[in-house]
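Trainee: Hey, could you walk me through this one? I'd like to go bit by bit.

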Protein chains: 4
Amino acid sequence: MIGYGFMGAAHSQGWRVAPRFFDLPAEPQMQVVVGRHPGAVASAAAKWGWEESATDWREVIARDDIDVVDIVTPGDTHAEIAIAALDAGKHVLCEKPLANTVDEAEAMADAAERAAARGIRSMVGFTYRRVPAATFARDLVAAGRIGEIRQVRAAYLQDWLIDAESPLTWRLQKERAGSGSLGDIGAHAVDLSEYITGLKLASVSGVLDTLVTERPLLGETIGLSGTASAERGAVTVDDVALFTGRYESGALGTFEATRFATGRKNALRVEVSGSLGAVSFDLERMNELQFYDATLPPLEQGFRTIYVTEHDHPYLAPWWPAGHMLGYEHGFSHQVKDLVEAIVDGTQPRPSFADGLHVQRVLDAVERSSNAGSAWTATGD
Amino acid sequence: MIGYGFMGAAHSQGWRVAPRFFDLPAEPQMQVVVGRHPGAVASAAAKWGWEESATDWREVIARDDIDVVDIVTPGDTHAEIAIAALDAGKHVLCEKPLANTVDEAEAMADAAERAAARGIRSMVGFTYRRVPAATFARDLVAAGRIGEIRQVRAAYLQDWLIDAESPLTWRLQKERAGSGSLGDIGAHAVDLSEYITGLKLASVSGVLDTLVTERPLLGETIGLSGTASAERGAVTVDDVALFTGRYESGALGTFEATRFATGRKNALRVEVSGSLGAVSFDLERMNELQFYDATLPPLEQGFRTIYVTEHDHPYLAPWWPAGHMLGYEHGFSHQVKDLVEAIVDGTQPRPSFADGLHVQRVLDAVERSSNAGSAWTATGD
Amino acid sequence: MIGYGFMGAAHSQGWRVAPRFFDLPAEPQMQVVVGRHPGAVASAAAKWGWEESATDWREVIARDDIDVVDIVTPGDTHAEIAIAALDAGKHVLCEKPLANTVDEAEAMADAAERAAARGIRSMVGFTYRRVPAATFARDLVAAGRIGEIRQVRAAYLQDWLIDAESPLTWRLQKERAGSGSLGDIGAHAVDLSEYITGLKLASVSGVLDTLVTERPLLGETIGLSGTASAERGAVTVDDVALFTGRYESGALGTFEATRFATGRKNALRVEVSGSLGAVSFDLERMNELQFYDATLPPLEQGFRTIYVTEHDHPYLAPWWPAGHMLGYEHGFSHQVKDLVEAIVDGTQPRPSFADGLHVQRVLDAVERSSNAGSAWTATGD
Amino acid sequence: MIGYGFMGAAHSQGWRVAPRFFDLPAEPQMQVVVGRHPGAVASAAAKWGWEESATDWREVIARDDIDVVDIVTPGDTHAEIAIAALDAGKHVLCEKPLANTVDEAEAMADAAERAAARGIRSMVGFTYRRVPAATFARDLVAAGRIGEIRQVRAAYLQDWLIDAESPLTWRLQKERAGSGSLGDIGAHAVDLSEYITGLKLASVSGVLDTLVTERPLLGETIGLSGTASAERGAVTVDDVALFTGRYESGALGTFEATRFATGRKNALRVEVSGSLGAVSFDLERMNELQFYDATLPPLEQGFRTIYVTEHDHPYLAPWWPAGHMLGYEHGFSHQVKDLVEAIVDGTQPRPSFADGLHVQRVLDAVERSSNAGSAWTATGD
């Protein structure tokens, strides 16, 4: 595993727990975690249960005893590491976003395609696809239960920027974060809605905005946070992204990614309206799926709250009895399961790097549309 | 009252019930209802409790014993009737939309202004402002309880068109309906969100679409509905309207008006995100307001479901004890109350014709933006 | 109409509105309202739209031009008035509870039976049966959609007594109120649950309690409320009633009636669990019914929120389009409709006085059980 | 760890994960798992990550390298193992219920008290206390935020027995299961409600019932389930338990434990009504707490949905960012954390064996009350 931040903790939990619950066709060994600072990465290795730590990722991907490289570093480093690892014959799991630019993402998708020809697998980490209720939404849609899709409403609502005096952290500076709400959380809304619907966005019209343009600079940095100083600096990423999309099928989607939705903590929402029904998912109630079946007798129709915790629901079999809830990190175990199975079976795991590239193109098209006065812009697939 | 369709029933109920519950400063007399077909309008008069019926609205507005003219006819007739009534010195209540075109709406607003100088009052019927929970949302916002407004999410979701085989009624034909989802329900989303926030939309970027472009022609007409024939005709109004708006303050709003939101029957929703809190209203749970107070201790924050049924909540005093719910038609009693009070007090009732004109300009700007590839378009106020 | 308090307002609204929306087989005339205080009752007549007022109910029920007597006086007067009216050949609508004692209720049921033999109808005013969602719950149960009934959970939760310093009003004094939470709101829970299930309680085990036993005496009385004085008096009615019931079928029910359910304003809740499904109703969301269909595919089961506002739902046809909500007072229009139809059709309206007597017997059995240490007590039907 | 069923999996997950997220003062080693069948227990050891397996628990508790014994066997074996382990100087974690009888539970509580005098700790596994939202409910109550407690509504609703043809498994036979819904899930309702309120039940009146008294016998057993045969056998445990309790403070509680609540999968609910507010928890939405603050301005009061996922909420600090949900098994990590800290700190972990004994006495009192016609029965503490 390259990197060891918040995502490193989540991925480590996935690697540790998945083999205990799922009958994997191969047993993962948590061998080595890589980071720049020797002391910090050694601590991380101990804390998250990796055998060794290292500081040079190039050495690690050259090792014969390493089969899989899991990349959880910041987005601007993904391309270099992933391409090198794939070229070195390692299977790669890369955290989202695939890359910070479309160019990098294209290079990665190319590398993935070349590697696949040699049996080397790659996958991008949109784990919300593996929340059982979201997976089950996809199953219902794929089975035709909502008929022809007419509209999609997708949003990722957070509120951690509502205070205009909250300080200017690195996440609000373009040169370091690469992107703002669009790339960070909008990417999830795009991927999850395309996953559930099976549709692909062909063009978009949107606007990126920075509602609070100046914030106090950080004074002394203390850990990940810090104290505000009296000086102010410019917020250089978008904190709100709003766009409308047209799918190849002609259906319409609305998208919102914001850090200003007061009271909404982590509301990744996807509602799909079809000719025969609808599904509605909200990550804040991640064990539930709302399903509306318009083929029932008219007087009996209504949104149904399905607790997606039954033994036969997606991914549920090895966990707990019906009605016992799963949490955020279970998606990372499901990701490990699917990746290991795909590697052993020799199949393409999804979302592929090509899927990740598509999301990147959508985000890029939104940015270009915003710069062009919200003109409709093709995603360019 | 001119006209006697569905809205006529609702307005009649308002005129009949308001004086029983509110201590009005004047006692309305339900004198005469006007319609083109003598038999039908006489039946309506009997059914809805009007003293007389008539077929010529010009004669009626010329009568000395008529003080108030309530217009519930289709939108294309509003301007002529309202202007004539105002010029004749009658107070006017005009059902929304104010008119079918901006030009007509401007003429009406001019007439209203002229009339106001002579003490003649006019008001447009956006009754959802008078759902107590919506009014209370406005009160909280106006009191500064949610701080500076950052974003608005407004939608009016219905689903009566999801079946592509449902027939081509007059509401789907531009020459008769004037407008589709945008004018019919989008107008409510615009007005209610501006009412709650006190903000005014300065420009918009949007798209109108017709997702099902052909539908079976009606065969034999039976009452308001009819049977489908084998032939098909073109749907000539929008059935989905999606747009983003910029308020004069710089805040952003997203808007959706659709008849394809499967499972959503009458979901007029407005959520306002501010620097200190949020309010969220849904007409499908019209007695409730969701309020988030971001000034409470962080561990105790959450959306609060307020049942807006207390004696001291807006409009509630004369109704029932706390916890006893109001319904759709109560807004029409509240409208009568406010209109009668304004007439007697000599104040301008709201929403005024100028307010109605503004909504019309927003809708017009959306249509022009849609025709211009979603280019940002000023509302032109 | 005899009496003119809060219930008088609601009944008047029913009589006024029902004929406007329903095609009644006879046209009710709101003739005369009766009360003890000439000035007050005359005001009430004017306010609520009755032709005349009177102070002697005996004279009124002797009048030839009176066909129906609607009794909305306190419970201790119901028996005398209702029996006299029935004996005088008047159809009677009597507000719940039927009476304050089982003896009175029996006399009334006897009188009703005698009157029925002469074509004279009587009905008791449990209007919550006529909330469309509750009626629809009954329809689903009656159609076998939830299978064999196993359990009922019924509660009526209010919170207006949580403050121990709220004053000792007449509703807390047995000699004036007759009964506390059990008779006032528990009666609704019993009637509504038996209506929805079609089951009859055979025996009960329960406890009545007074959680706050002393409260400040009222000082000067101002309108319906008043100011607290420094002295205290004893609360002599129950403020909480908890009981378990066994239906004749063997099914079990739990019941709670309380004025101490902090935050619950008017939560009359009935959930019925059956072998094939469940229905769950809550008066605080009176336009919705929760329905669980256990015959659907197991992975797709969930409680479904049905908005009971479709044209073909019970009582809905003459009201508004789907998704437009009804409120508290609509039940009174539905009551008028059903009563007038039953009178004209010559059928027995429900709930009958016999139904009201049964509820009274259940309440009486609860009280006796409470006095006997919660021993199981037959309802004695 | 003695035993390795469903609870063994959950406990193993707790032991494995807790040290990765919490900074424990001692590092647990997952040494040996014990079971009767050598092959099965060896498999379990491998699957759940224990170093060794063994078949004789007496030998294991005699080992010097074992410090903590975690008992997850059926209830009838708890007493013997726990007492032996405590006497051998091992800290003991014992899954609930503490025992199948009050006598056994008393012996265990005695052994725990003796052991505590020697610094040996013991704890019973009511893990739902460690769902953060439940812990936070307790915190609010303990801080006086809901004032004086008036009423408690507690229920544990499941529905896996609604089908009368579902077979007669061992859980429905008293000689094997020891108890039915009362002991299995009612115990949780009692413990959790006493934990949240800090109150103790003094007496109870209740009824146990078996709604479906005969079920098909199991034919061939396949894994944990099996096929139904044509023969039928008697259900010998309660499948519904309903009771009312009086706390020492005088407050009242209602309790329901049932496997017939159609559509309710795992709804452990506790609502506490106080003079200043209320808290309401539902395990089916385990990351949320409903809080009603009756000290807020009256027009603004409402139940607030608090997502108990903030960094400073109980147990949350080492997990994920706000808005990222926890699941069922996290309670087992929290349990390990609290137990290890108590052992190292030399304090009494809660719930203690004395707490477990009290729950047992409450259950026993309910059973005796049921046998005595629901007569009020002291819990005998």
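Trainee: Let's start inside. Which residues have the most contacts inside the largest nonpolar core?

Mentor: Those are B:Val279, B:Phe353, C:Val279 and C:Phe353, in a core of 220 residues. A nonpolar core here is a set of buried Ala, Val, Leu, Ile, Met, Phe, Trp, Tyr and Cys residues joined through side-chain atoms within 4.5 Å. Buried means under 20% relative accessible area, exposed over 50%, and partly exposed in between, using a 1.4 Å probe and protein chains only.

Trainee: Hold on, what kind of model is this, and how are things numbered?

Mentor: This is a predicted model, where local features need pLDDT of at least 70, side-chain atom pairs count only at pLDDT 80 or more, and totals for chains, interfaces and linings use all residues. Residues are numbered from 1 along each chain as its sequence is written, chains are lettered from A and ligands numbered from 1 in the order in which they are written, and side-chain values use heavy atoms, with hydrogens and water left out.

Trainee: Got it. Back to C:Val279, what is in contact with it?

Mentor: Leaving aside neighbours within four places in sequence, C:Val279 is in contact with residues including C:Ala137, C:Leu140, C:Ile146, C:Val270 and C:Phe291. Contact means heavy atoms within 4.5 Å.

Trainee: And what lies apart from that core?

Mentor: Another core, of 219 residues, with A:Ala9, A:Val336, D:Leu289 and D:Leu357 among them. As background, nonpolar side chains tend to be buried together in soluble globular proteins.

Trainee: New topic: how are chains B and C related?

Mentor: Turning chain B by 180 degrees, with 0.0 Å of shift along the axis, superposes it on chain C with an RMSD of 0.0 Å. The two copies are therefore related as by a two-fold rotation axis. In chain B, the C-alpha nearest that axis belongs to B:Gly327, 2.1 Å from it.

Trainee: How many residues are in contact between B and C?

Mentor: 36 residues of chain B touch 36 residues of chain C. The two chains bury about 3100 Å² between them, 56% of it on carbon and sulfur atoms. Buried area is the accessible area (1.4 Å probe) that two parts lose on being put together, summed over both.

Trainee: How many salt bridges are there across B and C?

Mentor: Two. In one pair, C:Arg285 bridges to B:Glu288, with the closest N and O atoms 2.7 Å apart. A salt bridge is a side-chain nitrogen of Lys or Arg within 4 Å of a carboxyl oxygen of Asp or Glu.

Trainee: And what about A with B, how many salt bridges there?

Mentor: Six between chain A and chain B. A:Arg246 forms a salt bridge with B:Asp209, the closest N and O atoms being 2.6 Å apart. The contact takes 42 residues from chain A and 42 residues from chain B, and chains A and B bury about 3000 Å² between them, 52% of it on carbon and sulfur atoms. In chain A, A:Arg150, A:Gln151 and A:Thr262 lose the most area to chain B, together 19% of what that side buries.

Trainee: Why do you say A and B meet through the same surface?

Mentor: Because 100% of the interface residues of chain A are also interface residues in chain B.

Note on methods
Least-squares fit on C-alpha atoms with pLDDT ≥ 70 in both.
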